[in-house]
Amino acid sequence: MQSFWHALEIPLIGVAPENKEDLNSSDDLVIELNDAVALLDNFPALSGMGFQLRLGEIVHLKGPNGAGKSTLLSLCAGLLPIHSGSGMVLGNDLTNQTDRRRIRRLTGLLSHESSLYDELSVYANIKFWCSANKVDHEVIDPVMDRLGLSGRLRNLKVSALSSGQRRRTSLAVIVCRRPRIWLLDEPYSGLDDAGQKLVDVLVTNAVSFGATVMFTSHDSKRAQDLATRTVEMQGGRLKRTPVVHEPIISKSTRPIRSEESA
Amino acid sequence: MIRDALLIARKDLRIELSSKIIFGQVLPFSLLVLILFGLAISSDFVVAGSENRTVLEQVAPGLFWLSIVFSSLFAITRSFSLEDKNGNLDALRMAGIDPASIFLGKALAITILMAFLEIVVGALAAVIYRSSILDIEILAATLAAATFCISMAGTLYAGVTAGSKSKDTLLPLLLLPTMAPVLLIATRSTEAALFVEDQTGWGWTILLTVLAFLYTGMGMLTFGSLMEES
Amino acid sequence: MNWVYTIVGYSVTFAVVIFYTGWLMFRGRGLSKKVPVENRRYLD
Amino acid sequence: MTDLKSIVSDVDNISGGVLSVDHRSQEFFGENQTTGSKVTKVIGFLAFLALVPFIFFALFVAGPHTEQGEAARLLFIHLPAVAVTYLSFFGTLVSSIMYLKNRTKFWDLLGGATAEVGVIFCALLLFSGSIWGKPTWGTYWQWDPRLTSTAVLFVMFVGYLAVRKMDIAQEARSRRAAVLGIISFLNVIIVHYSIDWWRGLHQGRTFDSTEVKIEGWYLFSLALGMSFFLLIGTFMVIHKFRILWLEHQLADLDLQFALMERRSEVNDLQDSIELGDKT
């Protein structure tokens, strides 16, 4: 098992090289929200969220069900318009429609839905999403290997997969896309022990190669081991000032941290 | 843009190949509709002024297109439920795919599937309604142009209703009135191909082609505003 | 006998017009009571 | 047109600060708790002024037609209904285009108001047309291009109204409705001409609703009918617009309330949160 994780080809995980003009921000502020209100079918799911995310952070979003965590992730992915307040993601304005389109390509969202076609095989799904995202097909096989999707699973229809295996497939798509910001909604859900460790490894590796991660999880123990900062939400906005566990640098230079704790 | 559209169309066709919803369920439905029409409409009475055609033979082109229009509703609903089910539309938007490409891709896949369906249904209709085809070229041109019309307009309206909980009932309400001219023209054109020796059918076919381009243009222009959930 | 059609046509038309107008006024009155006066400024 | 622009900007100002109190408007409207105003009262009064002589002239003064007899009087309500219907739907088209252009609530709501009034008058037009058809052509329904395409038009705009009530985000709904308003209008043109050509090829025009010669008292009665229908149509559009505006305001107030409620969730759920942390 150990050798399997170490056999991962690290450069695949990092951040895709982007054009300079996509990154308008000069400082390391990746996401900045000020009093952001976002509506989900006319319900104020975010009710004035103020929040900052810096380059290289791994932020754990925490809060009760219906606190607005998933909506926050959708908003940061550029999928939702901002109703009032302001927000910048990678120097792009969330209130502007063309900017939101640019944000979408720079972020990766693992939502609670699988974003997979049930009727297609695992490989066909990943291949389709790679083509759609204009990602070179060469990365597919190594990534599938890394996520434990090669072999028997490779040509299995997604409808025949277990929920954990679907989660891995969705993750594989995000790994292939190499986004600058990883927005993961309950990445551990449905995953077995090895899968959960895999998420930790992927996240820390991605961060060490220039990505920034925000994720939600109800597994507080595991989440706090991974995160550099915890942000608590309630009623659609920040609960209290975030608690900083330790400096960012020491974390991101240790990609296989979760291996040690396990 | 064309590349993305083809990608989406190919994906939809591959899904149909593996799930066979259109050919396993929608196609039998349209055949059933043909048979039910045959039961409801007399095949004993001869229409005055026609060359000894019974009522059923006379109205066969209209019945055929009616069954195709109804089946197209299912095909379109099915095509969009694929994207709706697991939030794949959002994922397509995350990939930065142009809405016009999504429109073209979905419509293209529906066109191809409907074309196959029409050939099978048409063959059966010709047999059970005892139609003899006088002009196969006009018939083929009509099939092609009408199929484009139906799937382009259908995809456009599916975009209008996408994401709503009432879309299954709303789509027919919006789409069927729009289908009225297509149904009318396609029926005239098919009648011309079946009953008349001269080339009058081409006028109708050209009209259908113009409509097909019109709906394609409308869809490509407006799909951005329809799909942008924001 | 043609006048029957005329009477029916006129009465139904005016019934619809009056009913719809009345409904609009009624609804407007009901809504106006719910919305504070500062939010009630229309096209005028 | 300049008036209209200032209205639009006013509307925008209001939607900016929903809960703020604007004293100027209080001065304007006071305790008036209807959707009426001076302008609508004047329009309503004029409509009533037109209505009374209209009934008198249309039913009593204008003599029976030589061929159609009493039924020809249906002309006085049928043609005005046609005018109001087409004007309303044209208003929907213009509003939809303007909404897509500058995205103000004003045009969105105007589109909704004109569409609903148009649907009402379209129903009246279909009804008066077919009831007129019985004594003149001997049938309530004729597969005439105008009649058929009007029926399709009616269903299309019923669909448009259904889209305006769709259960999706408000702004997306407005945008889709605007797109639909435009393509519906294009479709009406397509439907009309396709049926026209079809009929033209088969047997030519079956009838012409204006075959009654309009002159003398007929012209006068028709003019009265036109003015009544146009006035009452405008009256309805204004009131419907205001109702939509109030509903929009109410939805906005609901949203503010929901927002406040949402923010106060923090305290309400404190206990359950700590419980969740422990487990």
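These notebook entries record what I looked up in the predicted model of this complex.

**Entry 1. Ground rules**

I noted that residues are numbered from 1 along each chain as its sequence is written, and that chains are lettered from A and ligands numbered from 1 in the order in which they are written. Since the model is predicted, local features need pLDDT of at least 70 and side-chain atom pairs count only at pLDDT 80 or more, while totals for chains, interfaces and linings use all residues.

**Entry 2. Confidence**

I looked up the scores for the complex: the predictor gives an ipTM of 0.86 and a pTM of 0.85. I then turned to pLDDT, the predictor's confidence in each residue, from 0 to 100. Chain D averages 79, and 75% of its residues score at least 70.

Where in chain D is confidence lowest, and where highest? The lowest mean, 41, belongs to helix H1 (residues 2-16) of chain D, and the highest, 93, to helix H4 (residues 75-102) of chain D. I also recorded that pLDDT stays under 50 over residues 203-207 of chain D, where the model has 5 contacts beyond four places in sequence. Two residues are in contact if their C-beta atoms, placed from the backbone, lie within 7 Å. Residues 271-279 of chain D are also below 50, and this stretch has 5 contacts beyond near neighbours in sequence. I remind myself that where pLDDT is low, the predicted coordinates should not be read in detail.

**Entry 3. Where chain D touches chain A**

I found 16 residues of chain D in contact with 15 residues of chain A. On the chain D side, the elements giving two or more residues are helix H8 (217-268) and helix H9 (270-278) of chain D. H8(D) supplies the largest share, 8 residues. By class, this side of chain D has 8 nonpolar, 4 polar and 4 charged residues. For these classes, Ala, Val, Leu, Ile, Met, Phe, Trp, Tyr, Cys and Pro count as nonpolar, Asp, Glu, Lys and Arg as charged, and the others, Gly among them, as polar.

**Entry 4. The sheet in chain A**

I traced an open sheet of 4 strands in chain A, with the order S2-S1-S4-S5 and antiparallel pairing. Two strands pair if DSSP finds at least two bridges between them. Which strands are at the edges? They are strand S2 (43-54) and strand S5 (92-93) of chain A, each of which pairs on one side only.

I went through the pairs in sheet order. Strand S1 (residues 29-40) of chain A is joined to S2(A) by 9 bridges, and Ile31(A) stands opposite Leu53(A) in S2(A). S1(A) and S2(A) form a hairpin with 2 residues between them, and Asp41(A) in the turn has a positive phi of about 50 degrees. S1(A) is joined to S4(A) by 5 bridges, with Glu32(A) opposite Met88(A) in S4(A). Strand S4 (residues 84-89) of chain A pairs with S5(A) over 2 bridges, and Met88(A) has Asp93(A) in S5(A) as its bridge partner.

**Entry 5. Helices and loops of chain B**

I looked up helix H6 (residues 136-161) of chain B. Its 26 residues reach 37 Å from first C-alpha to last, close to the 38 Å expected at 1.5 Å a residue; the expected span is 1.5 Å times one less than the number of residues. H6(B) is mostly covered, with 22 of its 26 residues buried. A residue is buried if 20 or more other C-beta atoms lie within 10 Å of its own, exposed if 12 or fewer, and partly exposed in between, with C-beta atoms placed from the backbone. Just after H6(B), Gly163(B) takes a positive phi of about 90 degrees.

Is Leu32(B) buried or exposed? Leu32(B), in helix H2 (residues 21-40) of chain B, counts as exposed because it has 11 C-beta neighbours inside 10 Å.

Most residues other than glycine have a negative phi. I noted Lys20(B), with a positive phi near 55 degrees, in the loop between helix H1 (2-19) and H2 of chain B. Lys20(B) is partly exposed because 13 other C-beta atoms lie within 10 Å. Arg130(B) also has a positive phi near 55 degrees and lies in the loop between helix H5 (99-128) and H6 of chain B.

**Entry 6. Chain C**

I recorded 1 helix and 0 strands in chain C. Of its 44 residues, 30% count as buried.
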